[in-house]
Amino acid sequence: MDAPHISRTRPTAAMGKGGAAWALAEAFVKLAPQHIIKNPVMAVVWGGTVLTAVATLAGVATPGFGWSVTVVLFLTVLFGNFAEAVAEARGRGQAASLRRARQDLSARRLDGSGAEQLVPAAALRPGDTVVVEAGQLVPADGEIVEGLATINEAAVTGESAPVLREAGTDRSGVIGGTKVLSDRIVVRVTAEAGNSFLDRMIALVEGSSRQKTPNEVALGLLLAVMTLSFVIVVATLPFIGAFVGVQINVVLLVALLVCLIPTTIGGLLPAIGIAGMSRALQANVLAKSGKAVEVAGDIDVLLLDKTGTITHGDRQATDFVALAGITAAQLHDAAMLASLADPTPEGKSIVKLARERGSQPVEPSGAQFVAFSAQTRMSGVDLRDGRVIRKGALDAIVEHVRQLGGQVPAELSARVDRVARSGATPLVVAEGRQVLGVVQLSDVVKHGIKERFARLREMGVRTVMITGDNKLTAAAIAAEAGVDDYVAQARPEDKLARIRAEQAQGRLVAMVGDGTNDAPALAQADVGLAMNSGTQAAKEAGNMVDLDSDPTKLLAVVEIGKQQLITRGALTTFSLANDVSKYFAILPALFASALPQMGALNVMQLASPASAVLSALVFNAVIIPLLIPLALRGVRFKPAGATELLRNNMLVYGAGGIVLPFFAIKLIDMVLAALFTL
């Protein structure tokens, strides 16, 4: 298995000639002290560049050698800046396409009396209500409070197919700049001007609001400490050399320092962080910070809703199972009456199946319909003639019947178990104090989901399925899907409790959600992936938003995070390992003339001390742009545990980082010796 499979509904922002020219110009801009100081490794190289230039002007080194070292050091800094600028250029291209969606819009704002006022969208404030009709653009982020409409969100998601948004549902959120295709909606504004969803996306992909991740900060601190240590070591060498009778040229000292410090990872580190967020956006996932992407690679537990994530989420009534003494007609007539006002796909499928079985779907006059709630876990209808019909979960209906003084038939449990063991959801129907039977709701596990869970398991991630189904149904679906654990008969608050329990044991948890009742759990989770189609509360609570509203995208997010961590680790290993060969090039050049024993270190048999120094510095410089594509694309990896991944990195990038430079430096030395007299 190679690199993680990631759905790409938005094309990657390719960097053409314009982008390359911008990145090159930006590389020079980043030479400014206020920017270069943010990268201690490159700041030291830049300081060394200035020092060698001054030393050459002062006659400390021969002009040919001194200016050659100065130019190579300058290119090293420039290449490091260019790596960061290239990553930013990709985000700049993505931001440009987003800006086209953010136009100077006007809005039809409603005042207190319900009259419309035409105002600029920038004048809207949270709490304002606006009217949007077919053909118009939504002026600001908000929630639909009245009506429903099909909306084209291609400007944000890249998906051309229109989506349905409806008031009072978990799919009521709308984004400023998207286009209403049909009907009329009233939207309550939820975002300040300049802080809309598109504004935040643009700031994030351009890198203007990017914050360094904890691991990036820690690695940056380590590199700074290593750099400071080598500065101190190199600064003491002239005194040590004087003690043994060796006078060391300042240009050679600077060359040694640059080869000692981890310039490769120092130059690529910012690009790796920016590229991680860019890869997430290419998968149509908006990460609100680089930390969210990185933490996704470290998570231990993945909490997933069954419906829509593991299964297709399109449960349909497939059978009516009547109890003894109850006719099939009694059962499907009652189930149909209880479902006439049920807006869910399940309720509509019950009406459809009942009609196919001979029931006549006529809405009774004067009936009072009871909506489903997570607390009661049942719904139904109270008819004007006194009949009370309910459908719902087994335990909820059993309690309801007993409260009315009825008896629950012994066979009910066996019928429910039989439906549940088949992987379907049993929905019990009761009329008054009498249980009539069971409606079988069937869903289908998504193709390939079991293999994806196996892939996550190989990476050390444990999957937990959250479902409102009873334990038997949950167990059957869990076994078919291949999850590691499940929580059955779960209520919204159970998600939050499970997340806290896992975190209390030191684990990092990720989850996905779209409703307002998911917001507390999304906020509590270390990685909370909210659906773009969901409520504003859910999107604000999560630290990632999936623009495609695909719950399975969380699996891809984990792989993106893993890839970023592995890429940073691999390139850090390579950077530290390739310093070894430079020691064998620089040290003999420094000391071999005064200490002949040091000549034994010249294992590469380089042409001259000057050629050795330049060869090491040239390799040190050119390896940075050569690794830019790898830093941006990410290291390919196979799912494995942390120990195996570490071993593979050490073998490939550790051993490769030691061996490759020996051949490369020798080749550069041969070229320099053939072209110049050094």
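Which exposed residues does the face of α14 turned away from its buried side carry? I will come to that in a moment, after a word on what we are looking at.

This is a predicted model, in which local features need pLDDT of at least 70 and side-chain atom pairs count only at pLDDT 80 or more, while totals for chains, interfaces and linings use all residues. Residues are numbered from 1 along each chain as its sequence is written, and side-chain values use heavy atoms, with hydrogens and water left out.

Let me begin with the whole protein. Its secondary structure comes to 23 helices and 22 strands, where helices (H or I, at least four residues) and strands (E, at least two) are DSSP runs, numbered from the N terminus. Of the 678 residues, 52% count as buried; buried means under 20% relative accessible area, exposed means over 50%, and partly exposed is in between, using a 1.4 Å probe and protein chains only. Among the contacts with a separation of 6 or more, 71% are accounted for by residues 24 or more positions apart, and contact here means heavy atoms within 4.5 Å.

Now to helix α14, residues 411-421, in which L412, V416, V419 and A420 are buried. These residues are on the same side of α14, because they cover an arc of only 100 degrees around the axis, the arc being that of the directions from the helix axis to the C-beta atoms. As background, an α-helix has 3.6 residues a turn, so residues three or four places apart point the same way. To answer my opening question, the face turned away from the buried side carries A414, R418 and R421, which are exposed. The buried residues of α14 pack against β12 (316-322), α13 (394-403), β16 (425-431), β17 (434-442) and α16 (471-481). After α14 comes G423, whose phi is positive, near 90 degrees.

If we leave aside its neighbours within four places in sequence, I397 is in contact with M378, R390, K391, G392, V428 and A430.

Next, two pairs of helices, and in general two packed helices are described by the angle between their axes and the distance between the axes. The axes of α3 (residues 40-57) and α9 (residues 263-282) come within 8 Å and cross at roughly 120 degrees; axes are lines fitted to C-alpha atoms, for helices over the stretch in contact, and angles run from 0 to 180 degrees between N-to-C directions. The two helices are therefore oblique to each other, since angles under 35 degrees count as roughly parallel, over 145 as roughly antiparallel, 65 to 115 as roughly perpendicular and the rest as oblique. Their contact is made by V41, M42 and V45 of α3 together with T263, G266 and G267 of α9.

In the second pair, α15 (residues 449-458) packs with α16 at an angle of about 75 degrees, the axes being 8 Å apart, and these helices are therefore roughly perpendicular to each other. Here I449, K450 and F453 in α15 meet A479, E480 and A481 in α16.

Finally, please look at two loop residues. D183, in the loop between β8 (179-180) and β9 (184-189), has a positive phi of about 65 degrees although it is not a glycine, and D183 is partly exposed, with a relative accessible area of 48%. N284, in the loop between α9 and β10 (285-287), is also a residue other than glycine with a positive phi, near 65 degrees, but N284 is buried, with a relative accessible area of 0%.
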